Amino acid sequence: QVQLVESGGGLAQPGGSLRLSCAASGRIFSLNGMGWYRQAAGKQRELVASITRSGITNYAEAVKGRFTIARDNAKNTVALQMNSLKPEDTAVYYCNAAVRTDWFVNEDDYWGRGTQVTVSS
């Protein structure tokens, strides 16, 4: 019903930058909170950043001042600009969105398949 497709992962050097993008499509009545999570090898998935429909943002302490989340409500997209990357940022990054597929349906969480980000020299 709802698809989230991420793009923009890859390899970056420490101190470098990458930009992740996520596009939501399908049966979307309303697209509310959106965010990025990451999961490093052997660790639990954790919130990186989130943004409400009105633009209120929230960041994990580990990425504050380095990452910026932004969304385009008209295009149903969310992006994560990652600067000053560190090796510990290496993980699979997942896009998340809270979506209502119709006016009479409760909001539900949807996930992308993930995109690998590797920070290494």
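Arg66 is placed in the loop between strand E6 (57–59) and E7, where helices (H or I, at least four residues) and strands (E, at least two) are DSSP runs numbered from the N terminus. The model is predicted, so that local features need pLDDT of at least 70 and side-chain atom pairs count only at pLDDT 80 or more, whereas totals for chains, interfaces and linings use all residues. Residues are numbered from 1 along each chain as its sequence is written, and side-chain values use heavy atoms, with hydrogens and water left out.

Arg66 is buried, with a relative accessible area of 10%; buried denotes under 20% relative accessible area, exposed over 50%, and partly exposed in between (1.4 Å probe, protein chains only). The side chain of Arg66 reaches the backbone oxygen of Ala62 at 2.8 Å. A polar contact of 2.8 Å also joins the side chains of Arg66 and Asp89. Such a contact is a pair of N or O atoms within 3.5 Å; within protein, one must be able to donate a hydrogen and the other to accept it, and residues adjacent in sequence count only if both atoms are side-chain atoms. With neighbours within four places in sequence left aside, Arg66 is in contact (heavy atoms within 4.5 Å) with Gln81, Met82, Asn83, Ser84, Leu85, Lys86 and Asp89.

Ser84, one of these partners, is found in the loop between E8 and E9 and is partly exposed, with a relative accessible area of 40%. Most residues other than glycine have a negative phi. Ser84, however, has a positive phi of about 50°, and Asn76, in the loop between E7 and E8, has a positive phi of about 55°.

Met82 is also a member of the largest nonpolar core, which has 29 residues; Trp36, Leu80, Met82 and Tyr93 touch the most other members. A nonpolar core is a set of buried Ala, Val, Leu, Ile, Met, Phe, Trp, Tyr and Cys residues joined through side-chain atoms within 4.5 Å. Elements giving two or more residues to this core include strand E4 (30–39), strand E8 (77–82), strand E9 (91–100) and strand E11 (115–119). E9 gives the most, with five residues.

E11 pairs with E9 in the antiparallel sense over three bridges, Val117 being the bridge partner of Ala91. Pairing requires at least two bridges found by DSSP between two strands. Strand E2 (residues 10–12) and E11 pair in the parallel sense, over three bridges, and Leu11 has Thr118 as its bridge partner. In a regular strand the side chains alternate between the two faces of the sheet. In E11, Thr115, Val117 and Val119 form a covered face, while Gln116 and Thr118 form an uncovered one.
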